[in-house]
Number of protein chains: 2
Amino acid sequence: MRLLLVGFGTVGQGLAELLLKKEKMLRDQHGLQVQVVGIADMLKGSLYNATGIDLPAALETAKSGGKLSELPHKYKGDALSMIKTAEADMMVEATYTDIKTAEPATSHIRAAFEKGMHVTTTNKGPLALHYHELAKLADSKDVRFLFEGTVMSGSPVLNLIRETLAGSTISEVKGILNGTTNYILTRMEEGLSYENALTKAQELGYAEAIPDADVLGWDALAKVTILASTVFGANARPDDFPCKGITEITSDAIDAAKSRGKRYKLIGRVWRDGNEVKASVAPEEIDLTHPLAGVMGATNALTFSTDTLGDVTIVGPGAGRTETGYSALVDIIHAGGKR
Amino acid sequence: MRLLLVGFGTVGQGLAELLLKKEKMLRDQHGLQVQVVGIADMLKGSLYNATGIDLPAALETAKSGGKLSELPHKYKGDALSMIKTAEADMMVEATYTDIKTAEPATSHIRAAFEKGMHVTTTNKGPLALHYHELAKLADSKDVRFLFEGTVMSGSPVLNLIRETLAGSTISEVKGILNGTTNYILTRMEEGLSYENALTKAQELGYAEAIPDADVLGWDALAKVTILASTVFGANARPDDFPCKGITEITSDAIDAAKSRGKRYKLIGRVWRDGNEVKASVAPEEIDLTHPLAGVMGATNALTFSTDTLGDVTIVGPGAGRTETGYSALVDIIHAGGKR
């Protein structure tokens, strides 16, 4: 399996570390020999070599803040030209999400499919805006389009639905899809004001300097849209659904909920209403006896309501270097490994 | 896919209902046409017909307390002779668990493998006592040996590990594996005495008249042994591990734990200690912030500690007609369906 890594930030590096650490396991348990033939990163520079690049050296260089272009096998074009000319079996698209344009990730994915590569991506843009077009293109080229890392990082959500809930009808999916806001709500319940909890989240690297994408619910909305399109088959875009963040939740409201045996959570929700697929993001008072109520800090969780098992809930990480890198690894195993 | 159903109690009937309800989905989504050619039940009687029995009629008869032997295609031998002579592709072993002898289930499974059938079972006996022998036999005959229903009924536990945690190293699995005891502990926290909570559980059908297998921890121990053998590769038997039930937990102890921010749960646990696999069943005080603490009533849950994702927890049903029937359905899809 010859791999192109497009985007060599946290996720790309997390995957590279796992590929090195898990080399023997991939070969012994899945009959999979993975060779990284190219890395393309807008800031760090690019490498390409048809018989494999020096992955430990690339990782070392990136971690120490150096440029890949200082290493042998420097590549001079951009990511798109590398995808169009490379000989590879699978592309890992791990550039940053631009939820307004979904670019350049969507162009990368289209080009990879056109070249007959499987794709795994952790980028929410292409899934939230162009899922059906891309899935159709992948089908027509007989390659796999996998994206476990777009929802709850490497926690097995999309693969769980596909592989282990096979044969079930899912009527609703709801949960905590944004770790930053869940962390802020957790700290507010402990007594911090919204402002102080946000500052803590920023200090810990959970929240950005401009925290809008998290606190206004947009990140959760992108994930909800991905679930609506991929699990429920809707032809949906983020704008189709109501979205409300946590900025209007006060400490008083949290205390009042607590006194009623409830806890505020920012809940993303997708459900069937007759033939329609509906979705929303909004703070909800969750009963303390519900499994979602106990999910504290930056952890994520989703509850699936099914016709076969009733409710099944999965609780796991929603972000992280190794955790999101692993989502790409498990997709690589699904695309190319012996099972 | 020609199916033999051995054991036609709650689980077998739950599966039969799902097979009828999901016929179109199995064909359209998994390219799977399932035909039940035989049913063998020690109490209800047996049916066999190489071109398929009348499943709706068998289900109707069993539900109304009638005998299968009143229907066409009556079969006169026992289950073992049916397995040895039937033309079938897969056997569903759903007889009652005898944890001391693992019979007659183990003999059924051996015979099915010898005939080249895949097997799915919900019976904990053969897994807890003879897993490695049976897995080796299945391998040598190139058939699948699946048993999703033995732990947390149809909740995707074993398939989750195999399919969606591929490439991860699991250092510990711990959780709530017995719904009856979790229900009793939940009611005790609400103020009932142990005796009254047990009576409630018996009234609801959660606990047997002789509740030892649940309240002394033996049921959880069987599941822990299955996890030790199948997930951790141990060559283990239930007797190898310490086991303590909930009979010595008092209401006072529960209150005292609560005042420390803790909650008693009967925890089954398997972990690696160097090259050794250790396991135990015992009541433990769980911190209220842990996902397992929020699992109330008859629900089950397991937390996997992994090198790739940290902790991942799955919460779902641990019993039930449809829920356990579904475990067999998902195994049938894995054995024979297009994925």
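In the predicted model, P104(B) is placed in the loop that connects β5 (90–93) with α5 (105–114) of chain B. The peptide bond that links E103(B) to P104(B) is cis, and its omega is about 5°. In chain A, the bond from E103(A) to P104(A) is likewise cis, with omega near 0°. P104(A) is found in the loop between β5 (90–93) and α5 (105–114) of chain A. A further backbone feature of chain A concerns M152(A), a residue other than glycine whose phi is positive, near 55°. M152(A) belongs to the loop between β7 and α7 (158–164) of chain A.

The relation between the two chains was examined next.

The contact draws on 37 residues from chain A and 37 residues from chain B. Between the two chains an area of about 2900 Å² is buried, and carbon and sulfur atoms contribute 60% of it. On the side of chain B, the residues that lose the most area to chain A are T164(B), L309(B) and Y326(B), which together account for 20% of what that side buries.

Polar and charged groups also take part in the contact. Twelve residue pairs are in polar contact between chain B and chain A, both residues of each pair having pLDDT 80 or more. The side of chain B that touches chain A receives two or more residues from each of α1 (10–21), α2 (23–30), α7 (158–164), β12 (310–316) and α13 (321–336) of chain B. By residue type, that side divides into 15 nonpolar, 15 polar and seven charged residues. Side chains of opposite charge can pair when their charged atoms come close. Four salt bridges are found across the interface of chain B and chain A. In one salt bridge, the side chain of D307(A) meets that of K21(B), with an N to O distance of 3.7 Å.

Strand pairing also joins the chains. Strand β12 (residues 310–316) of chain A and β12(B) run antiparallel and are joined by three bridges. V315(A) has T313(B) as its bridge partner in β12(B).

Within chain A, seven strands form an open sheet with mixed pairing, in the order β4-β3-β2-β1-β5-β6-β7. Strands of a sheet pair through backbone hydrogen bonds, either parallel or antiparallel. Strand β6 (residues 118–121) of chain A pairs with β7(A) in the parallel sense, over two bridges. In this pairing, V119(A) stands opposite F145(A) of β7(A).

Over all chains, the whole structure contains 46 salt bridges. One such pair in chain A is K200(A) and E203(A), whose closest N and O atoms are 3.9 Å apart. Both K200(A) and E203(A) belong to helix α9 (residues 194–203) of chain A, where they are three residues apart, about one turn of the helix.

Terms used
Residues are numbered from 1 along each chain as its sequence is written. Chains are lettered from A and ligands numbered from 1 in the order in which they are written. This is a predicted model: local features need pLDDT of at least 70, side-chain atom pairs count only at pLDDT 80 or more; totals for chains, interfaces and linings use all residues. Side-chain values use heavy atoms; hydrogens and water are left out. Contact means heavy atoms within 4.5 Å. Buried area is the accessible area (1.4 Å probe) that two parts lose on being put together, summed over both. A polar contact is a pair of N or O atoms within 3.5 Å; within protein, one must be able to donate a hydrogen and the other to accept it, and residues adjacent in sequence count only if both atoms are side-chain atoms. Helices (H or I, at least four residues) and strands (E, at least two) are DSSP runs, numbered from the N terminus. Ala, Val, Leu, Ile, Met, Phe, Trp, Tyr, Cys and Pro count as nonpolar, Asp, Glu, Lys and Arg as charged, and the others, Gly among them, as polar. Two strands pair if DSSP finds at least two bridges between them.
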